[in-house]
Amino acid sequence: MTLIDLANPTRFLALTARVLPWLAAATIALLAIGLYQSAVAPDDYQQGATVKIMFIHVPNAWLSMFVWGVMSIASLGTLVWRHPLADVAAKSAAPIGAAFTFLALLTGSLWGRPMWGTYWEWDARLTSVLILFLMYLGLMALWRAVDDPSRAARAAAVLTLVGAINLPIIKFSVDWWNTLHQPASVMRMGGSALDRSFLIPLLVMAIAFTLLFVTLHLAAMRNEILRRRVRSLQMIQASRIAFSSEMGAGSREGNASKEAGAA
Amino acid sequence: MMMSLGPYASFIVTSYAAAAVVVAILIGWVVLDHRSQTRRLRELDRSGITRRSGRSATDTPKAITRTIT
């Protein structure tokens, strides 16, 4: 099966049916390993056991941006190549991205209270991630507000691409502004600043959450294809009912004029 | 071996619990949505509404796999 074959929703459904069980199993296995490694990871010499929040917070923060990146590529697919599955991919990813962003904000807040002495600070990193969360909610509202999926897809694609400007702002906010949030400590010039005892569980959890996203995204795309199939069949059903009622009204009128002529 | 989480245990436990709840909600949403769409397709199929391709509305991925392989 080539990539172009996936443009066919029916073939995409067949593929997801085959790969979803394997993806789900791999996600569960990696999450179990990651959670075990997080549990046995040593305490940080400054933060103590609160460093364990990092193993949940950082993967969700990465994914909050990664999912918007996936949606931006899908939006290009909608606007430029008109790929039949592009807007399905973008629409299905939004609620999952919103959930990851919510978790990044919540766990960051729970980590911030004992470390910074506050749940929230209006600094550049926290504010830009909050804006990302609101943009996810806005996109979901837009998709719900427009009945025709193709019209909604074009408007949502434009909004998604405009919103992608926020991704570098989030990434570099800790470098461009003086923020309470720490600068990058994993992906940075000169290598990771984290000790291996923290870095390995963090990477395992990051891969596990990424697999979780891929699994949920494929399953949500499958559901969206089925929803559109239901919608098109309901429209066929509605047009048949309208046609048969028109035919019924027409034959009644014909009978009435014949009766009038006979009289 | 009992894990010691120190004085901020409630923050750590709440973080992991919140992540578990949100992930469970996402999984529940995907599973229930799939059941709902499949049930609606079956109902349409029973009422005689078929796709333009002539395939049954309830074509399962397994059946589709058979047709393309």
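This is a predicted model: local features need pLDDT of at least 70, side-chain atom pairs count only at pLDDT 80 or more; totals for chains, interfaces and linings use all residues.
Reader: Let's start with the overall makeup: how many helices and strands does chain A have?
Author: Read along the sequence, chain A goes α-α-α-α-α-α-α. The count for chain A is therefore zero strands and seven helices.

Reader: Is chain A a compact globule, or more spread out?
Author: Along the principal axes, the C-alpha atoms of chain A fill a box of roughly 105 × 40 × 30 Å. The globule rule gives 18 Å for 263 residues, and the radius of gyration of chain A is 25 Å, well over that. So compared with a compact globule, chain A is more spread out.

Reader: What share of chain A's residues counts as buried?
Author: Being buried takes 20 or more other C-beta atoms within 10 Å of a residue's own. Of the 263 residues of chain A, the share that counts as buried is 35%.

Reader: And what about chain B, how much of that is buried?
Author: Chain B has two helices and zero strands. Of its 69 residues, the part that counts as buried is 14%.

Reader: Are α3(A) and α4(A) roughly parallel or roughly antiparallel?
Author: Their axes come within 9 Å and cross at roughly 150°. Angles over 145 degrees count as roughly antiparallel. The crossing is also left-handed. That angle therefore makes α3(A) and α4(A) roughly antiparallel.

Reader: Now the contact between the chains: which helix of chain A gives the largest share?
Author: Chain A puts 35 residues into the contact and chain B puts in 31. On the side of chain A that touches chain B, α1, α3 and α7 each supply at least two residues. By class that side has 22 nonpolar, seven polar and six charged residues. The largest share, 13 residues, comes from α7(A).

Reader: Is A:R82 buried or partly exposed?
Author: A residue needs 20 or more C-beta neighbours to be buried and 12 or fewer to be exposed. A:R82 has 13 inside 10 Å, so it counts as partly exposed.

Note on methods
Residues are numbered from 1 along each chain as its sequence is written. Chains are lettered from A and ligands numbered from 1 in the order in which they are written. Axes are lines fitted to C-alpha atoms, for helices over the stretch in contact, and angles run from 0 to 180 degrees between N-to-C directions. Helices (H or I, at least four residues) and strands (E, at least two) are DSSP runs, numbered from the N terminus. Angles under 35 degrees count as roughly parallel, over 145 as roughly antiparallel, 65 to 115 as roughly perpendicular and the rest as oblique. A crossing is left-handed if the near helix is turned anticlockwise from the far one by less than a right angle, and right-handed if clockwise. Two residues are in contact if their C-beta atoms, placed from the backbone, lie within 7 Å. Ala, Val, Leu, Ile, Met, Phe, Trp, Tyr, Cys and Pro count as nonpolar, Asp, Glu, Lys and Arg as charged, and the others, Gly among them, as polar. The radius of gyration is taken over C-alpha atoms; the globule rule is 2.2 Å times the number of residues to the power 0.38.
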